[in-house]
Amino acid sequence: MKTYLLAGVALLLACCYVGNAFAADSDAEVEMLVFPKSYAAGSVSGGGTISGVVTFEGDLPEMKVLEITKDQAVCGATDKYDESLVVGEGNALKNTIVYLIDVSKGKDFDKATKLEIDQKGCKFSPHVQIVPVGARLTMLNTDKVNHNVHIFSSINKPVNKQQTKNRRKMPLAGVKKAEGPVSVKCDIHGWMSAWIAYVPHPYFAVTNEKGEFTLEDVPAGTYKLGYWHEACGTNSSSPASVTVEAGGAATQNFTLKLK
Amino acid sequence: MRTRNVTLLMLIFGIVVGTFHCAVTHAQNAPEASEKGKEVYEQSCAHCHGTEGRGDGSAAENLLPKPRDFTRGLYKIRSTESGQLPTDQDLFDIITIGMPGSSMPGWETSLSAADRWEVVAYIKTFYDGFKESEAPPRQISLEGKIAYSEESVETGKGLYVELGCVECHGNVGRGDGTSAPTLTDEWGFQTWPANLAQSWNFRGGADTEAIFKRFIGGIAGSPMPAFEGDSFLHFGLTSEESKRLTELENKDEMTEAEEAESEQFYEKMDEAVNIALNRVEGIELTAAEQQTYDDAMQVVYEKSWHLANYVKSLAPEERPEPAIGKNVLRSQYVQDELPGMEDAAWETLQSSHFPLVGQVVIEPRQFNPTIDSVNIKSFYNDTEVAFLFIWDDRTHTTGDETDETTGKPLEDALAIQFPVKVPQGPTAPKPYFLWGGRLPVYLWHWKASAPEQVVELTAKGINSAEVQDAQGALQAQGAYTDGQYKLWVKRALKTDDKKDLQLEPGVFVPIAFSAWDGANGDVDTKRVMSSWYTFVLEPVPSSRRFVYPPLIAVLSLGLLFGLRAVVQRRNS
């Protein structure tokens, strides 16, 4: 009886008590990409190219070595770094999504592109993956350990599927709506992190280690050019304006700071 | 007589409720959302779940698990497949039964069934997905249930390892897997995997069907994945084919024919996966495809029932009765040496169960306890008493990390509390249960960093414990295996220290407990504890019982013979 009383008191206090015992990660709010209302895919002739380099500006924080808490033989063979901010030579900023915000028609997706994320050494690779709406992303498990693929979608249905050590390739169902970027985690190995953008058109690029991006076969016109970076945020409120001529090449560079 | 009355009352109540329940649940769906639903919701649910259903009510802050945010349409306890919304009945059942092990109570007695249905309808308005979906959510089929058997449990045990359940739930299911300490939920809050040995804390119930559904459908918003068909090894193959493929894969070198054979298996598996994905994407299946899918799923369902049976086998059917009333902690007398920690003699004793709750009276408080209870056994002889304390803790924390506010090491610990002087009689006052007050308490304090040491303390309040000058009266041994602590303690019944409790057979002694889980941030007053329970050295029936009854029998017999002799003499 006393236990129930105590439990009752506990509940009562829990209800009345106002304090700041804990708070979840406050930066959980992710800035999203902006998608056009509709998109018509067709053939593009005489399209132009938009390319550029994304660089980082500001004091560069030291890359954090991730704490490997289990499966050391597979996961801890080499040091793993927090990839939320990867800056290379000349301040080149990797893993930035650069894309056309207001494109309404253009080319179709290149069906030959392999849509894969590998789980290798308990790290997702690539860190940022573009996936067309409706296309199937294949999760690879090169590690001989169990992983679970947890995709934190909120517009589409969230996914949380075990990919056991025996399962080399696990294709995932295509999604219905454009969304993203959404976070991908492995709950078994809590440090593993990646991002997926489910996109309705093919004018999306992710910068390489030199910070470079290229958007090809862009129909001539003037576009809003947007970017998204995990640690630096987006320019959705004031995107760059880029004009590309038929067969021409336009350049747009970006310099990003920590948000 | 009283028991019979109660039974009769329950029976009548059962019939009435049963009839009512049937009448209401005949309608498969909740009514249209109404003002009534809003009213009931705002009165009974909004404090925790928020007026807009975001799980951000005024009481939400200190609750863990957090109250559900209804705006995302993520529901943990469903009878439906992964990615599907719950049925109305699912929502109704949760409101009725509550979520064991969390702050969500059952509303069966405080809200009428009609009101609960109104709430179901109202909750659904927080998420547009309920309006958008035309087809009813796909439910998990419970057909072909495999009955519980030793054999099934054994098969399930193999699958438990194969599917990676151990990663979070641990070797024997106590929620102590190597991934357990780093898990977070959809909203970034720390969360712990279920301790499968404590079925009474299973959120959606502990029957085999419930376990099966959690496993197939996953627990949305938590790290628990859905074990959809192709999470299983060799999805799409029959058991025989799967066995054959494993055999082939284990060969160092395959012949051409074997290569071709395995290639056929891979193709068959790819086809099954493809069909399963089409199904999720909403593409209609042909009859042949449906057949392939059903065949593949039959194997999956069979395996899942085995696994559910295994999980079922890990916990007792019900929570053990707490050690109150007649069921107090009774130390059993032995004539000889007291058993050591690993002695088989402990197996002969039933343990007494003591539930523990978060300490919420004094700051810092523990609102989200991770230790559920402690189980205890005890033996004594003419000079000493020994205890075996057993409790589940998902992590083995020995003070490597420190608490940010106090700077004290975070480590697992247990404290056993007695009064310094046993209250004389049942109405005599006991010391305050939070480590004493005006009346002092005598404590045994054990820490995981020094498993062979128990420190004796005296306290007159939860923050005023003092280490006793005279130590060494206690022998201890502690061990941690698979998410469970075992602590063995031995002390003399009588000591020379006036600050110690002196023990005597037959005397009822108040006893209480505190426990700390370092990994859950427990330190100082932030802990779990119990109020006073009772402990007694079960008195040995006196050896005089072997003397007096026979003596009286002999005397009576003598008397009888004497009487007979007297009567006979008189008659003659």
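View 1. Apart from neighbours within four places in sequence, B:Arg174 is in contact (heavy atoms within 4.5 Å) with B:His169, B:Ala194, B:Asn195, B:Leu196, B:Ala197, B:Asp392, B:Arg394, B:Thr481, B:Asp482, B:Gly483 and B:Gln484. B:Arg174 belongs to the loop that runs between helix H8 (166-169) and helix H9 (208-217) of chain B, helices being DSSP runs of H or I of at least four residues, numbered from the N terminus. Because its relative accessibility is 17%, B:Arg174 counts as buried (under 20% relative accessible area, 1.4 Å probe, protein chains only). A polar atom of the B:Arg174 side chain lies 2.8 Å from the backbone oxygen of B:Asp482.

**View 2. The interface between chain B and chain A.** Here 56 residues of chain B are in contact with 46 residues of chain A. The buried area, meaning the accessible area (1.4 Å probe) lost by two parts on being put together and summed over both, is about 4,200 Å², with carbon and sulfur atoms giving 51%.

**View 3. A salt bridge between the chains.** A:Lys70 and B:Glu167 meet through their side chains in a salt bridge (2.4 Å, N to O), the term denoting a side-chain nitrogen of Lys or Arg within 4 Å of a carboxyl oxygen of Asp or Glu. The count of salt bridges between chain B and chain A is 4. Helix H11 (residues 256-280) of chain B gives the most to the side of chain B that touches chain A, with 5 residues.

**Notes.** Residues are numbered from 1 along each chain as its sequence is written, and chains are lettered from A and ligands numbered from 1 in the order in which they are written. In this predicted model local features need pLDDT of at least 70, side-chain atom pairs count only at pLDDT 80 or more, and totals for chains, interfaces and linings use all residues, while side-chain values use heavy atoms, with hydrogens and water left out.

Conventions:
Helix = DSSP H or I, 4+ residues; strand = E, 2+ residues; numbered from the N terminus. Buried < 20%, exposed > 50% of the residue type's maximum accessible area, 1.4 Å probe, protein only. Polar contact = N/O pair within 3.5 Å; in protein donor to acceptor, adjacent residues only side chain to side chain.
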